[in-house]
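This report examines part of one protein chain. Please consult the sequence and the structure shown below while reading.

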Amino acid sequence: TERVVSGLGISNIYDYLREMSRVPEVPAVAARMEGAEDRTPIIVEAAVKGESPVCVAALDLFVDALGAEASNMALKVLSTGGLYLGGGIPPRILEVLEHGPFMESFLDKGRMREVLEPMPVLVIMEPGAALMGAASYGLLMGEQEDPAG
């Protein structure tokens, strides 16, 4: 899953589609990718702007897989209070998540659709949320170990 449903996954999907379809990249997009250390932001930007059919297809496949895996996780833990998408990609593709194949894939779980439909799906917009959570947990654990506290 991590090879597909992650920032690196978008690049992996892009490479796969380019190799399998043998569709050349739009020259302007190819030029931006040449020598880039991380192609993912370029692929995402080109897809969101509709500049490259291969980038659009890669992002669509990524979002489809993300929706399917997110609902798997939501059902495993029965997260009726909501599902929170974190990381660097979801905030950059909010519109695609809202109006693309994400929710279709998220809800496509047969009879379990009834469980998923009322479940809110939210995107964490705070880039440092994971670090704040870890710091908060560390402080809490430190207070519990303090014999004077």
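## Burial and the residue C55

A residue is called buried when its relative accessible area is under 20%, and exposed when that area is over 50%. The model discussed here is predicted. In this model C55 has a relative accessibility of 0%, and therefore counts as buried.

C55 is found in helix α4. Leaving aside residues up to four places away in sequence, C55 touches Y14, E25, V29, M33, I43, A46 and A47. From C55 to V115 the separation is 60 residues in sequence, and their C-alpha atoms lie 33 Å apart in space.

## The helix α4

Helix α4 covers residues 53-77, a run of 25 residues. Between its first and last C-alpha the helix reaches 36 Å, close to the 36 Å expected at 1.5 Å a residue.

C55 is one of the buried residues of α4; the others are V54, A58, L59, F62, V63, L66, G67, A70, S71 and A74. An α-helix has 3.6 residues a turn, so residues three or four places apart point the same way. Among the buried residues of α4 are C55, L59, F62 and L66.

## After the helix

Just after α4, L78 takes a positive phi of about 45°. S79 is placed in the loop between α4 and β1, the latter being residues 83-85.

Is S79 buried or exposed? With a relative accessible area of 13%, S79 is buried, because the cut-off for buried is under 20%. S79 touches A74 and M119, when residues up to four places away in sequence are not counted. A74 also belongs to the buried residues of α4.

Key: Residues numbered from 1 in each chain as written. Predicted model: local features only at pLDDT ≥ 70, side-chain atom pairs only at ≥ 80, totals over all residues. Heavy atoms only, no water. Helix = DSSP H or I, 4+ residues; strand = E, 2+ residues; numbered from the N terminus. Expected span 1.5 Å × (residues − 1). Buried < 20%, exposed > 50% of the residue type's maximum accessible area, 1.4 Å probe, protein only. Contact = heavy atoms within 4.5 Å.
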